[in-house]
Amino acid sequence: MSEIVFKQAHEKPLGTRVMSLYPGMQFAVAYKAFQRIYKFGGQPLVYAAMDRNFKESFENTFGKKHSKTMMQATAGCLMGIGEVGLLPLDVLKIKAQTNAEALGNRGLFTILRQEKLRDLYRGAGWTMVRNAPGSFSLFGANAWAKDTLFNNNLDAYWKTFVTSTVGSVASIVVASPMDVIKTRIQNRDFNDPRSGGQVIKDLLKQEGPTAFFKGLTPKVLTVAPKLIFSFSIAQYITQQCEAALSS
């Protein structure tokens, strides 16, 4: 059992065995921290700017009832596209977890010196294609749930939790096909020359169309709770701050 769980570290001291269960932890912590601050902190600012400058255009296009939801979703979409700036941390996290040989024992700054920057941004286009609908669904479904379920009256945390759940699950499901492609691209060795299009062709040829939703159920069960927690807490704190400032 120990050899199955800890693999090459099964005969090493306890501390080393425990840490072997957290490959790429330094990259994962940095990526998630910056990602959450950027996305959850930046989206309300983008929405506020859109509300000032494009409110009438959205109302003419989608009607007053749905204009707010579409502005929330669009603001989220824009933030998702900009998230590509954090891609190197995500690439290194994935490689450390699934292809550690490509990194060896090198640290972040050593990797940045030795590897070409474009290699660390490999799959940037596919990442933006993945993030755009995912973030659109996250903030759009969340705004829709607020309006439809609670008439935008979130006077208790559990309501924010419910709307965050709707948005989080919608985001994961919508982004799943592109997430699979992005992960396959980022998981390659640095010297693998295949393009994103070739990765898709190989995926369809070898595994079929259902591969685009491979692992969706465990992803929802494992990723959704983390996203729901962070998203609901971020929204609740924002609501409390806005209420305090307005009073």
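Predicted model: local features only at pLDDT ≥ 70, side-chain atom pairs only at ≥ 80, totals over all residues.
1. Among contacts between residues at least 6 apart in sequence, 75% join residues at least 24 apart.

2. On burial and surface, 41% of the 247 residues in the protein chain count as buried. The chain exposes about 14,000 Å², and carbon and sulfur atoms supply 63% of that.

3. If you're setting eyes on the largest pocket, it holds about 1,000 Å³ of space. Its lining has 35 residues, and K32, K93, R130, D179 and V223 are the closest to the centre.

4. Who builds that lining? At least two residues each come from α3 (25-53), α5 (87-98), α8 (124-150), α9 (157-186) and α11 (216-246). Helix α9 gives the most, with 8 residues. By class, the lining of the largest pocket splits into 13 charged, 12 nonpolar and 10 polar residues.

5. Helix α9 also carries T160, which is worth a look of its own. Its relative accessible area is 0%, and T160 is therefore buried, the cut-off being under 20%.

6. What does the side chain of T160 make a polar contact with? The partner is the side chain of Q239, at 3.4 Å. Leaving aside residues up to four places away in sequence, T160 touches Q239 along with L154, S232, Q235 and Y236.

Conventions
Residues numbered from 1 in each chain as written. Heavy atoms only, no water. 1 Å grid on protein atoms, 1.4 Å probe; cavity = no way out; pocket = protein on both sides within 12 Å on 5 of 7 lines; lining within 4 Å. Points joined across faces, edges and corners; volume = space filled by probe spheres on them. Helix = DSSP H or I, 4+ residues; strand = E, 2+ residues; numbered from the N terminus. Nonpolar A, V, L, I, M, F, W, Y, C, P; charged D, E, K, R; others polar. Buried < 20%, exposed > 50% of the residue type's maximum accessible area, 1.4 Å probe, protein only. Polar contact = N/O pair within 3.5 Å; in protein donor to acceptor, adjacent residues only side chain to side chain. Contact = heavy atoms within 4.5 Å. Areas by Shrake-Rupley, 256 points an atom, 1.4 Å probe, with all protein chains shown as cover.
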